[in-house]
Amino acid sequence: MHMERIKGIAVSPGIIVGRAFLVGTAEQVVPHRTISESEVPGQLERLAKALAGAGAEIAELRERTRVELGEEPAKIFEFHAGLLRDRALVTATERRVRDTRVTAEQAVADQFRVLVDQFNRMGNEVFEQKANDVVDLERRVLGVLMGKQESRLAQLTEEAVVIAHELTPSQAASLVRTKVVAVATDLGGRTGHTSIVARAVGLPAVVGCQRLCGSVEDGDEVIVDGNEGIVIVRPDARTLEEYRRKHERARRSREALRELSGLEAVTKDGVRVQLMGNIEFPHEVEAVLANGGDGVGLYRTEFLWLTSERPPDEEDHFRAYMRAIDLLKGRPLTIRTCDLGADKYTQEQMADPERNPFLGLRSIRHSLAHPAEFKMQLRAILRASAHGPVKTMFPLVSNLMELRQAKLMLADLGEELEDEGVPYDRSMPVGVMIEVPSAALMSRVFAAESSFFSIGTNDLVQYTLAVDRGNERVAHLYQSGHPAVVYLVKSVVRAARSAQIDCSLCGEMAGEPLFSMLLLGMGLRTLSMVPDQIPVIKRVIRSVTMDQCERLARRVGSFDSERQVETALRDELRKLDPDVFGQWVAE
Ligand code: PEP
Ligand code: MG
């Protein structure tokens, strides 16, 4: 088996060399490689064992059904058991291993598929049911061959690299408590929430690799290069050595940057910029502070729903907010209300999927459609506001009515707390996330009714350019430097300035050194990002003057293509310090 180098999208930095651990449905992670002649006997033996293992499972299931439900229902397993004994099927599967030189998994998947197609072609209900039974049996045999992954994941004793076709944001979040040290997936884009979670929990990650699952087997050695977006499967000795050196260099440069954490984010001509952290869990405040952040600019509270079996109640919310407030010791906490929907689904939503979830009942729309749950969250936020500098903001607002409705609910709940004698901050700032073009275009109107803006470019880019932020096929069209995006950001900052309200930017763009000078030049003075990125952004800020940034922003404002914008930004960043910013200016 030879080395393979697979290009994906770099979404979370760091270089890891480790053993692959495949996660996903059996169909998704069947190894597609060609085997050598000497591997044939071994694969045939695995196949025989898997068929026997599946047979034993079915016998057990049949017996349990007989005892619990009776002889008749137990008969449904006879077809399964019969198929496993069917010599024609077994021989044909063995022949595939031998003649087409595929793994036992691939042979099972291919041969069982032939049978499924045959039954489906018969075109009547009885045979359709049989086709379903074959699919069921195929999954069982593959399950035996590849092991039951959830329990294996929890029981990992050695560090592993998760390889998956796709991971949901909550699956990614659950990797924190395991031995997983890096992630690589076939699907996904840079600003998809799974990628954001990987960054938040500090797991190097590459997504959008498209054909990774078929090329890797459990236990293969892999290199995940989260800086350049490359996964190398079964690296040779020279490549391993090259990556060990890269890893060491990256570690040293991270350490050097960390030394900046005690210094202020101030430009050479004395303009102070606030650098805040984005968090998904309260404990991440520690990382924000360790990296020298000024507070939390975005707390994605929907993870309270995504990491629990039941929706959070008022006390769950309150406890989480209080934990963050305590850790922040007087620094600001910006709580974003629940942003469920799109790629962040609860179990309940998953059972009843929307046709077009990114344009569906997500974020503030979801909250307004579930007023009881929303009120629990708002009450908890208000109560927490008595204990520290809390702000709240609403995600994905697309029309004024949504903002007014949400603010009205907040006001009613304030009165309720007043009647109950519960303290809260009556002047808690209430802001709007600007992440839909309609809100950006109407930012003057929104500014009149908001205490602050926070620009969510992850969504603003996808809705402005009509490019799904989590889709690897259109990842090249997802351009934060597109002139249309630059134009919208600039007009939102202007609207905020003329209404004299604060304006921050909390999309992933805020943590990308490439955009720092442009954002400062457009007038932004608060940026909120993944905590790990704070030091490098601070480094950019301390290397420039505001005059330089404003000149660049004016120049960029006159460009009409994304390519021109990126080239100009790259050139400027490279000029600052090629050693430090080298990895961010690579084309
Ligand atoms: C955004 O859309 O830019 C944002 C910060 O929110 P999220 O990434 O959680 O959608
Ligand atoms: Mg968003």
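**Aromatic pairs, buried residues and cores**

Author: This predicted model has four aromatic pairs by the ring-centre rule.

Reader: Nice place to start. Why is the pair of Phe79 and Phe119 called edge-to-face?

Author: The ring centres of Phe79 and Phe119 are 6.2 Å apart, and a pair needs centres within 6.5 Å. Their planes meet at 65°, while edge-to-face asks for over 60 degrees. Both conditions hold, so the pair is edge-to-face.

Reader: What makes this a link between distant parts of the chain?

Author: Phe79 belongs to helix 4 (residues 76-85) and Phe119 to helix 6 (residues 104-121), and the two are 40 residues apart.

Reader: What about Phe281 and Phe303: how do you know which kind of aromatic pair they form?

Author: Phe281 and Phe303 are 5.6 Å apart centre to centre, with 65° between the planes, and that makes the pair edge-to-face. Phe281 is in the loop between strand 9 (274-279) and helix 12 (285-290), whereas Phe303 is in helix 13 (residues 303-306), 22 residues apart. Phe281 has 14% relative accessibility and therefore counts as buried. Phe303, at 2%, counts as buried too.

Reader: How do you know that Arg383 lies over the face of Phe318?

Author: Part of the test is distance: CZ of Arg has to be within 6 Å of the ring centre. For Arg383 and Phe318 that distance is 4.0 Å. There is another case with Arg426, whose charged end sits over the ring of Tyr424 at 5.2 Å from its centre.

Reader: What does the side chain of Ser450 reach?

Author: The backbone oxygen of Phe446, at 2.6 Å. A polar contact needs the atoms within 3.5 Å, and 2.6 Å meets that distance.

Reader: What makes helix 24 "mostly covered"?

Author: Seven of the nine residues in helix 24 (residues 534-542) are buried. They are Ile534, Pro535, Val536, Ile537, Lys538, Val540 and Ile541. One of these, Ile537, is also in contact with Leu527. Beyond neighbours within four places in sequence, the contacts of Leu527 also include Gln274, Met276 and Leu505.

Reader: Which residues have the most contacts inside the largest nonpolar core?

Author: Phe394, Phe453 and Leu527, in a core of 104 residues. Helix 14 (residues 314-328) gives the most to this core, with eight residues. At least three residues come from each of domain 1 (4-24 + 165-252) and domain 3 (266-581). Another core, of 26 residues, lies apart from it, and Val30, Ala109, Val135 and Val141 are among its members.

Reader: Into which domains is the chain divided?

Author: Besides domain 1 and domain 3, there is domain 2 (32-147). The centres of domain 1 and domain 2, taken over C-alpha atoms, are 32 Å apart.

Definitions and conventions: Residues numbered from 1 in each chain as written. Chains lettered and ligands numbered in written order. Predicted model: local features only at pLDDT ≥ 70, side-chain atom pairs only at ≥ 80, totals over all residues. Heavy atoms only, no water. Core = buried A, V, L, I, M, F, W, Y, C linked by side-chain atoms within 4.5 Å. Buried < 20%, exposed > 50% of the residue type's maximum accessible area, 1.4 Å probe, protein only. Helix = DSSP H or I, 4+ residues; strand = E, 2+ residues; numbered from the N terminus. Domains from an automatic or database assignment. Contact = heavy atoms within 4.5 Å. Phe/Tyr/Trp six-rings, centres within 6.5 Å; stacked < 30°, edge-to-face > 60°. Lys NZ or Arg CZ within 6 Å of the ring centre and 35° of its normal. Polar contact = N/O pair within 3.5 Å; in protein donor to acceptor, adjacent residues only side chain to side chain.
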